[in-house]
Amino acid sequence: MRSLFLLNPDVVFLNHGSFGACPREVLQAQFEWQLRIERNPVEFLARSSAPLLLEARTTLAHTLGTSAQNLVFLPNATTGVHMVAHSFPLQTGDEVLSTNLEYGACDTIWQRVCAQRGAHYRRVEVALPFSANRFVEELMAHVTPRTRLIFLSHISSSTALTLPVARVCAAARQLGIATLVDGAHAPGHIALNIDHTGADFYVGNCHKWLCAPRGSGFVVARPDMQHLLEAPVVSWGYSAAAQNNPLFEACLGTTPFEKKLQWQGTRDLSAWLAVPAAIAFQANHNWPQARTQCHTLARQALHTLTHRHGLEPISEEQDWAQMVAIPVRAESAETLQARLYAESRVEVPVTTHGNHVLVRLSVQAYNTEEDIERLLNAPALL
């Protein structure tokens, strides 16, 4: 499997979770789309792009458990969080409820938007070790009459925890509270049915665990919430002259959701159009079995390191998938990460959460037992 990727053979790459890694054949598919665009950019972008994007969105939507009419491509999940945060109608005194497990860039988005609106961004402190039942109870206990939206990750970034988002979304809906789920790490990583999560808004990346080219992400919005979303860039989809003009449908699409969000000026569409190639790659290589094997390797590393360092895991095994945050004894996360790379050529992030130093291990189908052994035998971890 390693030969199907372009990864440096001199480096043990255990950090798929940060920026992903794209198979050779998927990159070739992207390159072929780029060549097709260059043969006649006007023909492709102005007269053919919307139907081709719809076809790619349909394939992706089927994989994610939603409808193509509810999904629009974006560059990444952070763009989706930005879009929802800047579009959602917050008023002075309103609250957005979240946790201390969220990705820092998305925390920053909500902090800035809430400050601009006179609203409040409240983060519930989640104690470790993690308990899914306790998580839902504690989060919902912090809901107030001013809570307008709950924002949480499907799989947390630094702690690699799979959060019970469907249970939170169901509880929020009963109270009339909107939900936004950051699924940056979920597609291709866990079995996913976005409609079954019950989220009002769900954003995600295809360039992480789905192994698509970088720059491919998406937003999914429930039909009754789509009217709220405003594109980061106002373009032809907002023009009255383009709304009922058949000539614009070939690049803008047909629904108001497509027209507003899909076309935001000239851009390289090839990463989005190559997403079906990534889905086909995983289907052709029995990805459910690969995910199971990856989980097994991650579990071995977790048990070895926690036993060696005399520490307990931060969660139960069912609370993580191919990515696991392993607590270790170290004075400095930054120093440990630097030593692992410099001394052992192991690319793996080391994060912190509260008093915990965590080696966030990502195991992808190209990783082997030898890769895990390189990590476990690294002098920095002995």
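Tutor: Alanine 61 sits in helix α4, which covers residues 49-64. Please keep in mind that this is a predicted model.

Student: Is alanine 61 buried or exposed?

Tutor: Alanine 61 has a relative accessibility of 1%, and the cut-off for buried is under 20%, so alanine 61 counts as buried.

Student: Which residues does alanine 61 touch, not counting those up to four places away in sequence?

Tutor: Alanine 61 touches Thr66, Ser67, Ala68 and Leu71.

Student: And how far is alanine 61 from serine 87?

Tutor: The C-alpha atoms of alanine 61 and serine 87 are 23 Å apart in space, and the two residues are 26 apart in sequence.

Student: What is leucine 14 in contact with, leaving aside neighbours within four places in sequence?

Tutor: The contacts of leucine 14 include Val346, Glu347, Val348 and Pro349. Also among them are Arg360, Leu361 and Ser362, as well as Asn367, Asp371, Ile372 and Leu375.

Student: How far apart are leucine 14 and glutamate 137?

Tutor: They are 123 residues apart in sequence, and leucine 14 and glutamate 137 lie 34 Å apart in space, C-alpha to C-alpha.

Student: What about phenylalanine 248: which helix is that in?

Tutor: Phenylalanine 248 belongs to helix α11, residues 246-252. Setting aside neighbours within four places in sequence, phenylalanine 248 contacts Trp236, Ala242 and Gly253.

Student: Now the aromatic rings. How many aromatic pairs are there?

Tutor: The count comes to 10 aromatic pairs. One of them joins tryptophan 33 and phenylalanine 44 edge-to-face, at 6.1 Å centre to centre with 70 degrees between the planes.

Student: Which parts does the pair of tryptophan 33 and phenylalanine 44 tie together?

Tutor: Tryptophan 33 lies in helix α2 (residues 24-39) and phenylalanine 44 in helix α3 (residues 41-47), so this pair ties together parts that are 11 residues apart in sequence. Both tryptophan 33 and phenylalanine 44 are buried.

Student: And how are tyrosine 202 and phenylalanine 218 arranged?

Tutor: Tyrosine 202 and phenylalanine 218 are stacked, with 6.5 Å centre to centre and 5 degrees between the planes. Tyrosine 202 is part of strand β7 (residues 201-205) and phenylalanine 218 of strand β8 (residues 217-221), so the pair ties together parts 16 residues apart in sequence. Both tyrosine 202 and phenylalanine 218 are buried.

Student: Which residues form an aromatic cluster?

Tutor: Phe5, Phe13, Phe281, Trp287 and Tyr366 form one aromatic cluster.

Student: Turning to the whole chain, how many helices and strands are there?

Tutor: The chain has 17 helices and 12 strands. Its radius of gyration is 21 Å, close to the 21 Å that the globule rule gives for 382 residues, so the chain is as compact as a globular protein of that length.

Student: What share of the residues count as buried?

Tutor: Of the 382 residues, 56% count as buried. The chain exposes about 16200 Å², and carbon and sulfur atoms supply 52% of that area.

Student: Last one: how many positive and negative side chains?

Tutor: There are 29 positive and 33 negative side chains, and the centres of the two sets lie 3 Å apart.

Methods. Residues numbered from 1 in each chain as written. Predicted model: local features only at pLDDT ≥ 70, side-chain atom pairs only at ≥ 80, totals over all residues. Heavy atoms only, no water. Phe/Tyr/Trp six-rings, centres within 6.5 Å; stacked < 30°, edge-to-face > 60°. Helix = DSSP H or I, 4+ residues; strand = E, 2+ residues; numbered from the N terminus. Buried < 20%, exposed > 50% of the residue type's maximum accessible area, 1.4 Å probe, protein only. Rg over C-alpha atoms; globule rule 2.2 N^0.38 Å. Areas by Shrake-Rupley, 256 points an atom, 1.4 Å probe, with all protein chains shown as cover. Lys, Arg positive; Asp, Glu negative; His and termini not counted. Charge placed at Lys NZ, Arg CZ, Asp CG, Glu CD. Contact = heavy atoms within 4.5 Å.
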